[in-house]
Amino acid sequence: MKQYPPRVRIKMSDHFPDIVVPDFIFNVAFCTMVSHGAKEALEQHSEALIEFLPFTLLNHKGRVAAAECFIANVLTTVDCADTTRTVGVPSQMSPGTYLEINRLELDEAKIPPTARLFRLKQLPSAMVVREDLRAQLSARGLTGLAFVETGEDCDLRD
């Protein structure tokens, strides 16, 4: 992997005309982008191995909207999808993984008790947040959070 460059600046997408920067920043790259406050909350409560890559968020006019933001690259993965009940498109190239999941079911017995935030091994782009971490993040008043419950219809893609 190439070294992460210093002083990364990312401009807000024209697809999202909002000017308020939430703590969890929705983006067209579908990566987890967070504010400094969200970074601190994840460091304190997630118990996950996370690589935080700093960047400055620029507004639509190219001015600084938030100077201290981070890409939160969660490195922890857990093999816990209940493949008998999960609905999705299996990968032909990588057996045991999915190209897309339309309804995720988890095998709770396979989730370590300390796993509060992790990537799903069967679809690494999908993040799983345990309910207690979700409650702590919500209680802190962090903005921009969005969750899909297990068993709900969803559109998770690699």
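**Local contacts and overall form of the predicted chain**

S35 touches P22, D23, E68 and F70 when residues up to four places away in sequence are left out of account, a contact being taken as heavy atoms within 4.5 Å. The model is a predicted one, in which local features need pLDDT of at least 70 and side-chain atom pairs count only at pLDDT 80 or more, while totals for chains, interfaces and linings use all residues. Residues are numbered from 1 along each chain as its sequence is written, and side-chain values use heavy atoms, with hydrogens and water left out.

S35 is placed in strand β3, where helices (H or I, at least four residues) and strands (E, at least two) are DSSP runs numbered from the N terminus. With a relative accessibility of 12%, S35 counts as buried, since buried means under 20% relative accessible area, exposed over 50%, and partly exposed in between, with a 1.4 Å probe and protein chains only. D23, one of the residues touched by S35, also takes part in a polar contact, its side chain lying 2.6 Å from that of S35. A polar contact is here a pair of N or O atoms within 3.5 Å; within protein, one must be able to donate a hydrogen and the other to accept it, and residues adjacent in sequence count only if both atoms are side-chain atoms.

The loop between β2 (24–25) and β3 (33–35) holds N27, which is buried because its relative accessibility is 10%.

Beyond residues up to four places away in sequence, K11 touches L58, N59, H60, K61 and G62. The C-alpha atoms of K11 and L58 are 4.5 Å apart in space, although the two residues are separated by 47 residues in sequence. Within this set of neighbours, the backbone oxygen of H60 is reached by the side chain of K11 at 3.2 Å.

Helix α1 (residues 36–45) includes H45, for which a relative accessibility of 15% means that it counts as buried. Again leaving out residues up to four places away in sequence, H45 touches R116, L133, Q136 and R140. The side chains of H45 and R140 also make a polar contact, at 3.4 Å. H45 and L117 are 72 residues apart in sequence, and their C-alpha atoms are 9.2 Å apart in space.

Two non-glycine residues with a positive phi may be described together. R7, in the segment before β1, has a phi of about 55 degrees although it is not a glycine, and at a relative accessible area of 76% it is exposed. E47, in the loop between α1 and β4 (50–58), likewise is not a glycine and has a positive phi of about 60 degrees; at 54% relative accessibility, E47 counts as exposed.

The chain as a whole contains 2 helices and 11 strands, and from the N terminus on these elements run β-β-β-α-β-β-β-β-β-β-β-α-β. The radius of gyration of the chain is 17 Å, close to the 15 Å that the globule rule gives for 158 residues, so the chain is as compact as a globular protein of that length; the radius is taken over C-alpha atoms, and the rule is 2.2 Å times the number of residues to the power 0.38. Taken along the principal axes, the C-alpha atoms fill a box of roughly 50 × 35 × 30 Å.

Of the 158 residues in the chain, 36% are buried. Among contacts between residues at least 6 apart in sequence, 58% join residues at least 24 apart. The chain exposes about 9800 Å², of which carbon and sulfur atoms supply 54%, by the Shrake-Rupley method with a 1.4 Å probe, only the protein chains shown counting as cover for residues. The mean positions of the 17 positive and 21 negative charges are 8 Å apart, with Lys and Arg counted as positive, Asp and Glu as negative, and His and the chain ends not counted; each charge is placed at NZ of Lys, CZ of Arg, CG of Asp or CD of Glu.
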